[in-house]
Amino acid sequence: MLDASNVLGGPFCGMILGDFGADVVKLEHPTDGDPIRHHAPIVDGAPLMWKMLGRNKRSVGCDFQNERHLEAFRRLCRSADVVILNEDPTSYLDEMHAQLTALLDNGPWRMWKHRSGGAYLLRGD
């Protein structure tokens, strides 16, 4: 499972799935990390929200503005069973957006189409 989300909704989903035993790889900016890493309160030297939402995950640095990192992300997406996104991927993954748009416009989940603050729902074959 690949968690390329940030802040709250997506990381919460990854946390729950990790709690149930999923192998979750969290992608976050190589220098800044997930923004939730910087939220107060700090408990025992780390943000409490990060301790909760980052548990049961392995973190890997990924800068979506870097073409090498973006290509690595594309390769990871092809082999992942699940990709968690809580942002519109058009800014960094046009071909995934095209596939999701076609599925969500015409497929059985068209009522779940991405909305601001929402998430994409996708099932692989």
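**A salt bridge, a sheet and a core**

Glu28 is buried, with a relative accessible area of 7%. Buried here stands for under 20% relative accessible area, exposed for over 50%, and partly exposed for values in between (1.4 Å probe, protein chains only). The model is predicted, so local features need pLDDT of at least 70 and side-chain atom pairs pLDDT 80 or more, while totals for chains, interfaces and linings use all residues. Residues are numbered from 1 along each chain as its sequence is written, and side-chain values use heavy atoms, without hydrogens and water.

Glu28 has a charged partner: it forms a salt bridge with Arg37, and the closest N and O atoms are 2.9 Å apart. A salt bridge is a side-chain nitrogen of Lys or Arg within 4 Å of a carboxyl oxygen of Asp or Glu. Arg37 itself is partly exposed, at a relative accessible area of 30%. The whole structure holds six salt bridges. Another of them joins the side chains of Arg58 and Asp23, 2.9 Å from N to O. Arg58 belongs to strand β5 (residues 57-61) and Asp23 to the loop between α1 (9-19) and β2, so this pair ties together parts 35 residues apart in sequence. Helices (H or I, at least four residues) and strands (E, at least two) are DSSP runs, numbered from the N terminus. Both partners are partly exposed, Arg58 at 49% relative accessibility and Asp23 with a relative accessible area of 47%.

Strand β5 leads on to the sheet. Four strands form an open sheet in the order β5-β2-β1-β6, with parallel pairing; strands pair if DSSP finds at least two bridges between them. β5 and β6 (83-84) are the edge strands, each pairing on one side only. Between β2 and β5 the parallel pairing runs over five bridges, and Val60 of β5 is the bridge partner of Leu27.

Leu27 is also part of the largest nonpolar core, which has ten residues, among them Leu2, Val25, Phe64 and Leu85. Such a core is a set of buried Ala, Val, Leu, Ile, Met, Phe, Trp, Tyr and Cys residues joined through side-chain atoms within 4.5 Å. β2 (24-28) and α3 (67-79) each supply at least two residues of this core, and α3 gives the largest share, three residues.

What are the buried residues of α3? Leu70, Phe73, Arg74 and Cys77 are buried in this helix. They cover an arc of only 100 degrees around the axis, so they sit on the same side of α3; the arc is that of the directions from the helix axis to the C-beta atoms. Arg68 and Ser79, on the other side of α3, are exposed.

Most residues other than glycine have a negative phi, and most peptide bonds are trans. The peptide bond from Ala40 to Pro41, however, is cis, with omega near 5 degrees, and Pro41 is placed in the loop between β2 and β3 (42-43). Asp44, in the loop between β3 and β4 (46-47), has a positive phi near 50 degrees. Asp44 is exposed, with a relative accessible area of 74%, and forms a salt bridge with Lys51, the closest N and O atoms being 3.8 Å apart. Lys51 is partly exposed, at 34%. Asn56, in the loop between α2 (48-53) and β5, also has a positive phi, near 60 degrees, and is partly exposed at 43% relative accessibility.
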